[in-house]
Amino acid sequence: MRVEVSGSAGPMAAERELKALEGRHEGFDALRQRVLVGQCSEPVAVDDFVVWKALRDPGGALEERIVFDTPDVVRTLTPRRLELLELLRQVDVPSIKDLAIRLRRDYKNTYDDLVALGAWGLVRLLREGKNQRPVALVTGLHVSWEKSVGASPPAP
Amino acid sequence: MVRVFRQRIWVRRDEVLDAVEAFDGPRRTFYSYTFRTLRAGTWIPAVRWDNWEGLDHVDRFDERGILRDRGPWRDRPLPDVLKLVKAFRRNLPTMDLKEL
């Protein structure tokens with residue numbers, strides 16, 4: 001039996017992605033020079049160039065999907081952690097402490113759950129001054145026994 | 001209009017297959033499938049199949065993520081590559097990939 005848990009990252013925020021690309025590289029032209037002229041074979045650079053080029057294209061788009069092709073992730077998704085994920089999607093939480101208060105749980109358990117979810121790429125802790133702001137990276141989870149991994153992207 | 005479809009497929013907690021595919025209308029203009037393993041908190045590429053520069057090929061990387069060698073590869077769909085990754089996992093970098 002194969003259990004597949006998939007999470008949709010939702011429509012990609014192009015602005016956020018562009019900011020991340022600018023942070024990783026010196027600029028689009030420098031990256032283009034690196035991968036086209038320098039024949040760079042670094043996987044991150046080539047993939048980033050393809051994504052960046054699409055985002056610069058008028059009407060270009062980026063779609064994302066996260067798939068867990070292993071049942072191991074189910075062990076991580078306890079009812080309390082699902083509740084935590086749901087809350088993070090509903091409200092903007094500025095810190096782990098604030099999240100713990102909203103969930104009526106203690107700080108340490110909340111932090112431990114964020115670390116466990118972060119190990120599977122479901123949440124991210126963004127450093128903001130003294131605080132770490134928890135952000136959910138998925139909009140929903142879907143458990144399926146259908147083999148949809150690698151399915152063709154939806155038609156434009 | 002170029003659309004890019006990016007997927008991260010978790011095979012295990014410390015192994016992922018990252019897929020990037022670019023489409024110009026219905027035509028797929030670029031694909032890359034990168035099998036990465038987690039080492040000391042960093043995702044290190046182990047094997048990568050792609051058609052960068054218009055040529056289907058497979059790259060093998062060493063433990064530091066440095067390109068070790070490059071060989072020919074016949075384009076196959078993502079589900080086939082995922083099957084390979086799940087079957088051979090960390091042994092992939094030591095295998096003759098063009099025969100698979």
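1. Let's start with the layout: chain A splits into domain 1 (12-62) and domain 2 (71-142), with bounds that come from an automatic or database domain assignment. Taken over C-alpha atoms, the centres of domain 1 of chain A and domain 2 of chain A are 29 Å apart. Keep in mind that this is a predicted model, where local features need pLDDT of at least 70, side-chain atom pairs count only at pLDDT 80 or more, and totals for chains, interfaces and linings use all residues. As for labels, residues are numbered from 1 along each chain as its sequence is written, while chains are lettered from A and ligands numbered from 1 in the order in which they are written.

2. Chain A has 7 helices and 5 strands; helices (H or I, at least four residues) and strands (E, at least two) are DSSP runs, numbered from the N terminus. Of the 156 residues in chain A, 26% are buried. Here, buried takes 20 or more other C-beta atoms within 10 Å of a residue's own, exposed takes 12 or fewer, and partly exposed is in between, with C-beta atoms placed from the backbone.

3. Now look at helix α7 (residues 107-118) of chain A. Its 12 residues reach 16 Å from first C-alpha to last, close to the 16 Å expected at 1.5 Å a residue; the expected span is 1.5 Å times one less than the number of residues. Which residues of α7(A) are buried? They are A:Thr110, A:Asp113, A:Leu114 and A:Leu117. These cover an arc of only 100° around the axis, so they sit on the same side of α7(A). (The arc is that of the directions from the helix axis to the C-beta atoms.) On the face turned away from that buried side are the exposed A:Lys108, A:Asp112 and A:Val115.

4. What do the buried residues of α7(A) pack against? Their partners are α4 (72-76), α5 (79-90), α6 (96-103), β3 (123-128) and β4 (131-136) of chain A.

5. You can read α5(A) in a similar way. Its 12 residues should span 16 Å at 1.5 Å a residue, and its end C-alpha atoms are 17 Å apart, which agrees. A:Leu84, A:Leu85 and A:Leu88 are the buried residues of α5(A). They fall on the same side of α5(A) because they cover an arc of only 95° around the axis. The face turned away carries the exposed A:Pro79, A:Glu86, A:Arg89 and A:Gln90. The buried residues of α5(A) pack against α6, α7, β3 and β4 of chain A.

6. A quick stop at a loop: A:Gly27 lies between α1 (14-24) and α2 (28-37) of chain A. Is A:Gly27 buried or exposed? With 11 other C-beta atoms within 10 Å, A:Gly27 is exposed.

7. Finally, the two chains meet. The contact takes 28 residues from chain B and 30 residues from chain A, where two residues count as in contact if their C-beta atoms, placed from the backbone, lie within 7 Å. β1(B) gives the most to chain B's side, with 11 residues. Strand β2 (residues 61-68) of chain A pairs with β1(B) in the parallel sense over 8 bridges; pairing takes at least two bridges found by DSSP. Within that pair, A:Ile66 stands opposite B:Arg8.
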